[in-house]
Amino acid sequence: MLSARVEGSSRSGPFDTLNDYLTLTKPRIMSLLLLTTFGAMALAYRGIPPAPLLATVMAGGALASGGASALNHWLERDTDPLMGRTKSRPVASGRISPRAAFMFGIALNILAFVVLGLWANILSAGLAMAGTLFYVIVYTLWL
């Protein structure tokens with residue numbers, strides 16, 4: 001099992017750790033992506049899509065978005081502590097280890113691919129991974 005806590009961390013409760021992992025997923029950004037996803041699906045179906053498919057796509061999308069965001073935290077671990085807006089992020093502040101954030105991001109993306117590939121279609125799974133790569137490479141590393 002990965003140890004999320006870094007030596008000397010001042011917070012150690014299970015709810016603090018869960019909150020830190022939730023923070024890694026950037027839920028505010030995720031909610032916007034899921035709203036856009038719902039809108040696109042509703043337009044494609046000319047109404048509300050079937051509940052099982054909607055649930056699958058939303059779950060897979062949330063997993064992919066959260067995984068990409070966790071990888072963003074991992075990649076920005078050296079610069080986040082230098083900025084007031086980002087210095088208290090879980091990895092930047094040392095509450096979550098870089099290795100744990102990386103593994104969490106990878107695990108979420110693998111789960112997203114499996115969920116979308118098995119219960120939606122392989123195209124949506126591939127597009128979710130392309131979105132992760134775009135966010136990590138273009139937004140995080142290039143921009």
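I started with Tyr 135, which is buried, with a relative accessible area of 18%; I kept in mind that the model is predicted. I then looked at Tyr 139, which is partly exposed at a relative accessible area of 45%. Both residues belong to helix α5 (residues 122–142), where they stand four residues apart and are thus separated by about one helical turn.

Next I looked up the aromatic pairs, and the count came to three. In one of them, the rings of Trp 74 and Phe 102 have their centres 4.6 Å apart and their planes at 50 degrees, so I noted the pair as tilted. Because Trp 74 lies in helix α3 (residues 51–75) and Phe 102 in helix α4 (residues 98–119), this pair ties together parts that are 28 residues apart in sequence. I found Trp 74 partly exposed at 22% relative accessibility, and Phe 102 is likewise partly exposed, at 28%. For Tyr 135 and Tyr 139, the ring centres are 5.0 Å apart and the planes stand at 5 degrees, so that pair is stacked.

Last, I turned to α4 and α5, whose axes come within 7 Å and cross at roughly 155 degrees. That angle is over 145 degrees, which makes α4 roughly antiparallel to α5. I recorded the crossing of these two helices as right-handed. Among the residues that make the contact are Phe 113 and Leu 116 of α4, together with Ile 122 and Met 129 of α5. Sorted by class, the contact of α4 with α5 has seven nonpolar, five polar and no charged residues.

Note on methods: Residues numbered from 1 in each chain as written. Predicted model: local features only at pLDDT ≥ 70, side-chain atom pairs only at ≥ 80, totals over all residues. Heavy atoms only, no water. Phe/Tyr/Trp six-rings, centres within 6.5 Å; stacked < 30°, edge-to-face > 60°. Buried < 20%, exposed > 50% of the residue type's maximum accessible area, 1.4 Å probe, protein only. Axes fitted to C-alpha atoms, helices over the stretch in contact; angles between N-to-C directions. Parallel < 35°, antiparallel > 145°, perpendicular 65-115°, else oblique. Left-handed = near helix turned anticlockwise from the far one by under 90°. Contact = heavy atoms within 4.5 Å. Nonpolar A, V, L, I, M, F, W, Y, C, P; charged D, E, K, R; others polar.
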